[in-house]
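Please open the structure in your viewer and keep the selection tool at hand. The tour below moves from one selection to the next and says what is there at each stop.

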Amino acid sequence: MSLGSVPLRYKVDIDREQCMRCMRCVDNCSYGAFRNEEGKLIVNSRKCTACHRCISMCPRDAISLKDRPVDYRAHPLWTSEAREDIINQSRTGKIVLAGMGNAKDFPSIFDRLVLDACQVTNPSIDPLREPMELKTHIGKKPSRLEFEETVDGDIKVLNEIAPNLELQTPIMIGHMSYGAISLNAQRSIAQAVAKVGTFMGTGEGGLHESIYPYQDNTIVQVASGRFGVDINYLERGAAIEIKIGQGAKPGIGGHLPGEKVCSDISCTRMIPYGSDAISPAPHHDIYSIEDLAQLVRGLKEATEWKKPVFVKVAAVHNVAAIAAGIARSKADAVVIDGFRGGTGAAPKVFRDNVGIPIEAAIASVDKKLNEQGIRNEISIIASGGIRNSADIAKSIALGADAVYIGTAALIAMGCRVCGNCYRGLCPWGIATQREDLVDRLDIDSGAQQVANLINAWTYELSELMGAAGINSIESLRGNRERLRAYMLDEGMLNVLQVKPVGA
Amino acid sequence: MCGIFSVIDRNMTRMDGSSIKAALSSMDERGSGEGAGYVAYGIYPDFPDCYALHIFFDNIVDHKSKVDELLSKWGVIIHQEEIPTYEQPSLKRQHIPWRYFFKPYKDLMVGSLTPEEDIIIKTVMDINSGIDGALVFSSGKNMGVFKAAGWPEDVANFYRIEDYRGYIWLAHNRYPTNTPGWWGGAHPFNLLNWSVVHNGEITSYGTNRQYVESNGYKCTMHTDTEVVAYLFDYLGRRHKLTEELIVKALAPPFWDEIDSMPLSKSELNRAIRLIYGPALMNGPFGIVVAQSDGIVGFTDRIKLRPLVVGDDGTKLYISSEEAAIRRVDPNIGEIYMPKAGEPVIGRVVK
């Protein structure tokens, strides 16, 4: 015990004058920060995760929360976080786990980019009065078309064009498996994407029967553990995604602890009840780019070349060359997941230190594919830290076809980004399998909220495009002319291929 | 703003440039006296098989020898001369316009189905991006661009365009915002036999530019119009799309329209949008593009720029304003305004 305790992370305070001792906070806190002792409300701040469940449920706004109520001796290098991690690790001898995306104070590139608008020389377009097209097609496209004139004078395309996914808006929801999130959360997302005409990823968790009605809007995932993969699964999805890596933890696999593997999850993932689901770091049948191309072809063959196949990689230094390799396979899209991408659980050292930001990754992949003259043959899906419609517009202008959102969709269902997903106690019923907690997430309202978010961002995107004098999303894609960089260094400007403001 | 005027005589009867000058000058309101230009097809019947390279030299001493050297490496210069010009009081001479009649050595370009054209494209790009003080602004066969910074009538008089006789003419009167006073920035823009006059601003320029550059073109003119020439060359010559299909790629129907077309048509339009999406041009524009065998005019998908068509059966006129057409033919029978994105095509009768 020589280390003693570390100071409180959060301090919860109750305004005793306001509090009417309804004890809703006690019922709502799954972390046990509150208890009711004979009518008296007792708070244990040490258990608080700042999930805000109590605050949002308190009828009297009687609860307040303070971050880091105890100061350490200020030091720019030895931050309180650095000190606490050391104390923690010297106590346990273990890897520090963390949830959600990169929490280090790296400057956001998105926030250093500004969008363009028309004045005088070209008119801005009012999306309320003029057509505005956000329809996006994800999939392989031949580099050129061959035509033939038929006897009755019609022109016929001779190429057979591989099936593409048709999105009504370039916003999809990324892969969060049943297991990582609850079934109610997944069902909310499924309903939402079906409603707005876009797609969701199943994650490496199989496809639960209750998602079958929405299967035409799902992208099924084949990851290194191959959990839940059989021909039924592959054929149900609208597309198939091979997951090589993930932005939150590039280079390592995944781990769903056995205690989360309830009977339903064990059935969906096709693994024994209560056993750990470990996805190895590499796919053990993919040790090279040609192995990947083989798996892509294998999946295409299995589904009779009817399904687009995506390949997801974490944004790492060499991502552009990797994407160029993927583009040469039969894959239809490359998904790039930036270092701010969220996760249920990742070693903190990976989450905070490995990988590169999505903005730079999109631009360098787009540039490389353009240099090789194959950009339009494959789609680019960007993900990892997309917070609003401006981030989406900027991603597309840097070269993405569409984006995956993850954390944002969870926030739309209640998540407050407390980052404790890996503990399985999510009081919002999202990142948990505890039935009483899962029941808190109403599927219909969850779906409505997620759909609202996508619709709202879609409206904002059309307004931004209209202001830039663009009425079709194709014309925003890779259009660096509609972007300028504010206070980014020259090296970064070259990577992004964006001019500075004023230029 | 800018004004454009174009005409084709379908029987290939050649017209001299005087009426074209008159037509363009009637739209002086649309320009600012800082750029105008003309292109005519059929003007060099003595050298029909040579590529006529029109080049602006800043001076003959420093830069010309490099161009001579480059051309001599890739082919034979059959003839060369200074383009005759006549000083105009209100036009400041900034360059020496020169023309070469050039035949490339086909066998020097390997791995190409169209080696002659590819040598010309390479030579043009190499001169424009690599040799300071020299700018190729016209590179087709039996045709030529004449342009400068000035009012339409001054530029016409500077080159005495009434001395040239062509069966296709495009003309452009410029209101510059981007590169005022730069001769290279005046229209028409040309590559091989493709010439473009353009009124408007292309908001998809960044996307279009990337697309043509990733296919071997270099944008060197500091203006959005040149991508139109490269897109036409890329889709027309290299991908063998007809003018109708190129316009479908550049200004396609909306998805709602495509979805409501009969199946065969909707499949065609859908395929073009998917495969040639990066060629889609956004922003306001009225454009006329010429080739040796015809012209095509079209506007952006919501027609944010004017375009008027006149047709007397033999001659087809496409112009920013009706007044310019009536200046040439006061009794023109048919005058109409094409729909947004709809191509207007005039072809020579062979």
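Begin by selecting A:Cys29, A:Cys48, A:Cys51 and A:Cys54, which UniProt lists, in an unreviewed entry, under "binding site". Although these residues span 26 residues in sequence, no two of their C-alpha atoms are more than 10.1 Å apart, so they gather at one spot. Of the four, A:Cys29 can be found in the loop between α1 and β2 (34-37) of chain A. Keep in mind throughout that what you have on screen is a predicted model.

## The two domains of chain A

Next, colour chain A by its domain assignment, which gives domain 1 as residues 10-94 and domain 2 as residues 168-476. The centres of these two domains, taken over C-alpha atoms, are separated by 32 Å. Where they touch, domain 1 of chain A contributes twelve residues to the contact and domain 2 of chain A contributes 13 residues.

Between them, domain 1 and domain 2 of chain A bury about 1100 Å², with 48% of that area on carbon and sulfur atoms. To see where the domain 1 side gives up its area, select A:Ser30, A:Tyr31 and A:Arg53, the residues of that domain that lose the most area to domain 2 of chain A, together 49% of what that side buries.

How many salt bridges are counted between domain 1 of chain A and domain 2 of chain A? The count is two salt bridges, and a pair to display is A:Lys348 with A:Asp85, whose closest N and O atoms are 2.5 Å apart in a salt bridge. Across this interface of domain 1 and domain 2 of chain A there are also six residue pairs in polar contact, with both residues at pLDDT 80 or more. If you now show the secondary structure, the elements that give two or more residues to the domain 1 side are α1 (24-28), α2 (53-57) and α3 (80-92) of chain A. Coloured by class, that side of domain 1 of chain A has three nonpolar, five polar and four charged residues.

## Two further stops in chain A

Select A:Arg387 and A:Asp111, which form a salt bridge with their closest N and O atoms 2.8 Å apart. A:Arg387 lies in the loop between β20 (379-383) and α11 (389-398) of chain A, while A:Asp111 lies in the loop between β5 (97-98) and β6 (113-115) of chain A, so this pair ties together parts that are 276 residues apart in sequence. Over all chains, the structure holds 44 salt bridges.

Then move to A:Arg68, in the loop between β4 (63-67) and α3 of chain A, and check its backbone torsions: phi is near 45 degrees, a positive value in a residue other than glycine.

## Across to chain B

Now show both chains, and select the residues at their interface, where 37 residues of chain B are in contact with 41 residues of chain A. Chain B and chain A bury about 3300 Å² between them, of which 53% is on carbon and sulfur atoms. On the chain B side, B:Thr203, B:Gln210 and B:Ile275 lose the most area to chain A, together 18% of what that side buries.

Five salt bridges are found across the interface of chain B and chain A, including the one in which the side chains of A:Lys135 and B:Asp259 meet at 3.2 Å, N to O. Polar contacts between chain B and chain A number 28 residue pairs, both residues being at pLDDT 80 or more. The elements that give two or more residues to the side of chain B that touches chain A are α5 (205-213), α8 (255-259) and α9 (263-275) of chain B, and the largest share of that side, eight residues, comes from α9(B). By class, the residues on that side of chain B divide into 16 nonpolar, twelve polar and nine charged.

## Last stops in chain B

Select residues 2-350 of chain B, which UniProt lists, in an unreviewed entry, as "domain: Glutamine amidotransferase type-2". The end C-alpha atoms of this span of chain B lie 33 Å apart, and the span is 29% helix and 28% strand.

Finish at B:Pro188, in the loop between β10 (168-173) and β11 (189-191) of chain B. Is the peptide bond from B:His187 to B:Pro188 cis or trans? The bond from B:His187 to B:Pro188 is cis, with omega near -5 degrees.

Conventions
Residues numbered from 1 in each chain as written. Chains lettered and ligands numbered in written order. Predicted model: local features only at pLDDT ≥ 70, side-chain atom pairs only at ≥ 80, totals over all residues. Heavy atoms only, no water. Contact = heavy atoms within 4.5 Å. Buried area = accessible area lost by both parts, 1.4 Å probe. Salt bridge = Lys/Arg side-chain N within 4 Å of Asp/Glu carboxyl O. Polar contact = N/O pair within 3.5 Å; in protein donor to acceptor, adjacent residues only side chain to side chain. Nonpolar A, V, L, I, M, F, W, Y, C, P; charged D, E, K, R; others polar. Domains from an automatic or database assignment. UniProt positions renumbered as here; feature names shortened; annotations may be inferred.
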